[in-house]
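Student: I would like to learn how to read strand pairing, helix packing and chain contacts in a model. Can we start with a strand pair?

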There are 2 protein chains.
Amino acid sequence: MTGLRIVPVEGLPEIAEGDDLAALVTAAIELADGDVLVVAQKAVSKAEGRVVALDEIDPSATAQEIAGADGRDPRQVEAILGEARRIVRRRGGLVIAETRHGFVCASAGVDASNAPAPGQLVLLPLDPDTSARRLRERLRELAGRDVGVLITDSFGRAWRQGTTDVAIGAAGVPVLLDLTGERDPVGYELHATVIAVADEIAGAAELVMGKTRGIPAAVVRGLDLQGDGAANDLVMPRERDLFR
Amino acid sequence: MTGLRIVPVEGLPEIAEGDDLAALVTAAIELADGDVLVVAQKAVSKAEGRVVALDEIDPSATAQEIAGADGRDPRQVEAILGEARRIVRRRGGLVIAETRHGFVCASAGVDASNAPAPGQLVLLPLDPDTSARRLRERLRELAGRDVGVLITDSFGRAWRQGTTDVAIGAAGVPVLLDLTGERDPVGYELHATVIAVADEIAGAAELVMGKTRGIPAAVVRGLDLQGDGAANDLVMPRERDLFR
């Protein structure tokens, strides 16, 4: 077969703290060597207990001031500030922040949707690349397959409307494909041509997952990619970043 | 079948000005109703004659000054300035520009790779949404199928390394999926959740196309999307843009 297949992992239960994601996935779908399993960050965060209750948050004066700008919940803003290394842009209560991992995204990845229960917030995994590696190893243990893993989240973009899913954790999958020095069909040598394949795979998987359908994972089959990478490599180094 | 299939359109010839892309595609692959045909911008631009020869460009003083910063070809910089409505960021000869269409990308979309011949530059189509619509209509004429069309290019992103393919032209495909007001599985109402599905489809298709393999098109089958849109809708309106 040439080309790719992207298959939703259907029938997963609601994920709770302590759940063995690899066991749930292998019970739901048959994996093959070379598959890439894409898992939404929410599922990983919930399994890892990265959930806080609004009731337990005591908002600082700064959080109250930012939230007041357009009537947001100051406790949610406090959670965002707690996850942020730096605020990149702000308009009223909308905060674009740099996370502890270096990702730049809305609300530092803090979100109330798809939380286990009302009144709770889900935070990004502390170290999504390690989460991905652990999941990959456990899949090998349980299914005996060599499967790449991406952990993904929906990020907005500068200058473009809408979010696309991108990789925030990776294991057993290359994240950047560097074509520098290769030649196009007429012999022109490519310069500085680096493709963020992990983000393209993440977005492709989102097309079959869906935030309202409770499908937090998908399998991408047929990728012709060699190598390994970490989603951390997708963060633009500060000295090369024209926009931070 | 649940899920998606993404199939490269193999065996297309090198595209030249005046070529009937729809005829070439329908000769190469069988299309089905609901398919989305994704075509790389380079192929569309070459068919439309959006190619300039460096030899015919007389660089301005500004182009010479920018190019001099790190030894770029001032004629190429002149072509970039000609396509740019505004320079968004610059580091040496690297220019991030807003194109006439409102897209923000490196070199205003001007590129020497995959040009018909050495010494030539390919420019973005003048109106990629119209190009997509024309291609869609011609596919219906030739194949009798209702096929969506995306025209794509590789754009860099703020804060993240590497390019992903995004939609710069669209017809017969929704580009933004607005989930605002829908509810997640635990009943939480989604706010401002808009997914740039056209960009996710564009990136997915890139995974089977490849800049060095001479495959400028792919077919995405199995998308469960209703509606129509224009890639122009993906441009963040200036008044909402925190980064322009």
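Tutor: Start with one residue pair: B:I87 stands opposite B:A97 in β5(B). This is a predicted model, where local features need pLDDT of at least 70, side-chain atom pairs count only at pLDDT 80 or more, and totals for chains, interfaces and linings use all residues. Residues are numbered from 1 along each chain as its sequence is written, with chains lettered from A and ligands numbered from 1 in the order in which they are written.

Student: In which sense do β4(B) and β5(B) pair?

Tutor: Two strands pair if DSSP finds at least two bridges between them. Strands are DSSP runs of E, at least two residues; helices are runs of H or I, at least four; both are numbered from the N terminus. Here β4(B) and strand β5 (residues 94-99) of chain B pair in the antiparallel sense, over 6 bridges. They form a hairpin with 2 residues between them. In the turn, B:G92 has a positive phi of about 60 degrees.

Student: Which strand of chain A pairs with β1(B)?

Tutor: Strand β1 (residues 4-8) of chain A does, in the antiparallel sense, over 3 bridges. One bridge there joins A:L4 to B:I6 in β1(B).

Student: How many residues of chain B are in contact with chain A?

Tutor: Contact means C-beta atoms, placed from the backbone, within 7 Å. By that test, 61 residues of chain B are in contact with 61 residues of chain A. On the chain B side, α6(B) gives the most, with 9 residues. By class, that side has 32 nonpolar, 12 polar and 17 charged residues. Ala, Val, Leu, Ile, Met, Phe, Trp, Tyr, Cys and Pro count as nonpolar, Asp, Glu, Lys and Arg as charged, and the others, Gly among them, as polar.

Student: Now helices. At what angle do α1 and α5 of chain A pack?

Tutor: Axes are lines fitted to C-alpha atoms, for helices over the stretch in contact; angles run from 0 to 180 degrees between N-to-C directions. Helix α1 (residues 21-28) and helix α5 (residues 128-143) of chain A pack at about 50 degrees, axes 9 Å apart. Angles under 35 degrees count as roughly parallel, over 145 as roughly antiparallel, 65 to 115 as roughly perpendicular and the rest as oblique. So α1(A) and α5(A) are oblique to each other.

Student: Which residues of α1(A) meet α5(A)?

Tutor: A:L21, A:A22, A:A23 and A:T26 do; they meet A:L135, A:R138, A:L139, A:L142 and A:A143. The contact has 7 nonpolar, 1 polar and 1 charged residues.

Definitions and conventions. Two residues are in contact if their C-beta atoms, placed from the backbone, lie within 7 Å.
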